[in-house]
Amino acid sequence: MWKEAIDYLTFDMLGLTGRVNETVNFFIYDTVKILFLLIVIIFVVSYLRTHFNTEYVRAHLQGKSELYGNVLAALFGIITPFCSCSAIPLFLGFLQARIPLGVTFSYLISAPMNNEVAIALLFTLFGWKITAIYIAFGLFVAIVGGFVIGRFNLEKYVLIPVKPIDTKLEAGEVKMSAKARAKEAWNYTWDIFKQIWLYVLVGVGIGAFIHGYVPADFIAKYAGGDNWYGVPLAVILGVPMYSNAAGVMPLVEVLTQKGMLLGTALSFMMAITALSLPEAMILKKILHTRLIALFFGIVSAGIICIGYLFNYILM
């Protein structure tokens, strides 16, 4: 019904035809659909998140085995900040709590890749099966990447003096009424919406232009089919960019429609959300360049492997 309404608006009422109609139709249809579903899904996830306590997770991780910590930290990344840069303060909090360095990196990798915005958009655009595979692969990269980094014993490359918490962390239970949880969830949802709506408009706008004007054969030739360099090229192009899932996911949708393999497109998105130059610049004040390079190298390799695997599974 919504698609028919947009078709009537752009073709019958506005009298648009050809590529202009395709572009405008796509922009209006996807923008409203994505923004509406984002609000609904983020609110639901945010309401569920009110049952989780950040301090409880920090306290629970303290003193646990490293591999267990990698898994839990990666899972915790799903319900925390949606941007690689905004995940850094909690990353420092984990270090302060004397949580192993590799575990903190599992969180830093997972938080921007597997957050609720990315999951909501993936579910909206590609369905639950693709979303489940993406989450599984994203968690795998975070767990293995953090575990590998932890094996190198690189704590000496943390440049800032992190004052450790000597006492054992304790976290009391936070009791809230359903109304208070709903209010907090809505406030968080609205705050996230205000931060990402412009990214959505820009992302859908670029996607609409590609949808209407870029020939499918052009994208399929360089980033589709059996081109072996498609995945690493997507990762290389993604790292210098800075966006979040809200901005890049609509572009991923169009690229796949035009012939780009889904694994290649998702590798591009992973590189943008999990690895970015602004993130590296912030980390440069906290970590030695060698540790940052190792972090970017391991995660890039993991994303490339997942891109190839994703393409193989979905071929």
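Helix α8 (residues 128-151) packs against α15 at an angle of about 150°, and their axes lie 10 Å apart. That angle is over 145°, so α8 runs roughly antiparallel to α15. The model is predicted.

**Helix α8 against helix α15**

- α8 and α15 cross in a right-handed sense.
- On the α8 side, the contact is made by I130, I133, Y134, F137, V141, G145, V148 and I149.
- On the α15 side, the contact is made by L291, F295, I298, V299, G302, I303, I306, L309, F310, I313 and L314.
- By class, the contact of α8 with α15 has 17 nonpolar residues, 2 polar residues and no charged residues.

**Helix α13 against helix α15**

- Helix α13 (residues 262-274) packs with helix α15 (residues 289-314) at an angle of about 160°.
- The axes of α13 and α15 are 7 Å apart.
- The angle is over 145°, so α13 and α15 are roughly antiparallel to each other.
- The crossing of α13 and α15 is right-handed.
- From α13, the residues in contact are L262, G263, T264, L266, S267, M270, A271 and A274.
- From α15, they meet F295, I303, I306, G307, F310, N311 and L314.
- The contact of α13 with α15 divides into 10 nonpolar, 5 polar and no charged residues.

**Residue F295 of α15**

- F295 is one of the α15 residues that meet α13.
- F295 is also among the α15 residues in the contact with α8.

**Residue T273**

- T273 sits in helix α13.
- The relative accessible area of T273 is 2%, under the 20% cut-off, so T273 is buried.
- T273 and N114 are 159 residues apart along the chain.
- The C-alpha atoms of T273 and N114 are separated by 9.5 Å.

**Residue N25**

- N25 belongs to helix α2 (residues 18-49).
- N25 has a relative accessible area of 7%, again under 20%, so N25 counts as buried.
- The side chains of N25 and T10 are joined by a polar contact of 3.2 Å.
- Neighbours within four places in sequence aside, N25 is in contact with K3, I6, D7 and T10.

Key
Residues are numbered from 1 along each chain as its sequence is written. This is a predicted model: local features need pLDDT of at least 70, side-chain atom pairs count only at pLDDT 80 or more; totals for chains, interfaces and linings use all residues. Side-chain values use heavy atoms; hydrogens and water are left out. Axes are lines fitted to C-alpha atoms, for helices over the stretch in contact, and angles run from 0 to 180 degrees between N-to-C directions. Helices (H or I, at least four residues) and strands (E, at least two) are DSSP runs, numbered from the N terminus. Angles under 35 degrees count as roughly parallel, over 145 as roughly antiparallel, 65 to 115 as roughly perpendicular and the rest as oblique. A crossing is left-handed if the near helix is turned anticlockwise from the far one by less than a right angle, and right-handed if clockwise. Contact means heavy atoms within 4.5 Å. Ala, Val, Leu, Ile, Met, Phe, Trp, Tyr, Cys and Pro count as nonpolar, Asp, Glu, Lys and Arg as charged, and the others, Gly among them, as polar. Buried means under 20% relative accessible area, exposed over 50%, partly exposed in between (1.4 Å probe, protein chains only). A polar contact is a pair of N or O atoms within 3.5 Å; within protein, one must be able to donate a hydrogen and the other to accept it, and residues adjacent in sequence count only if both atoms are side-chain atoms.
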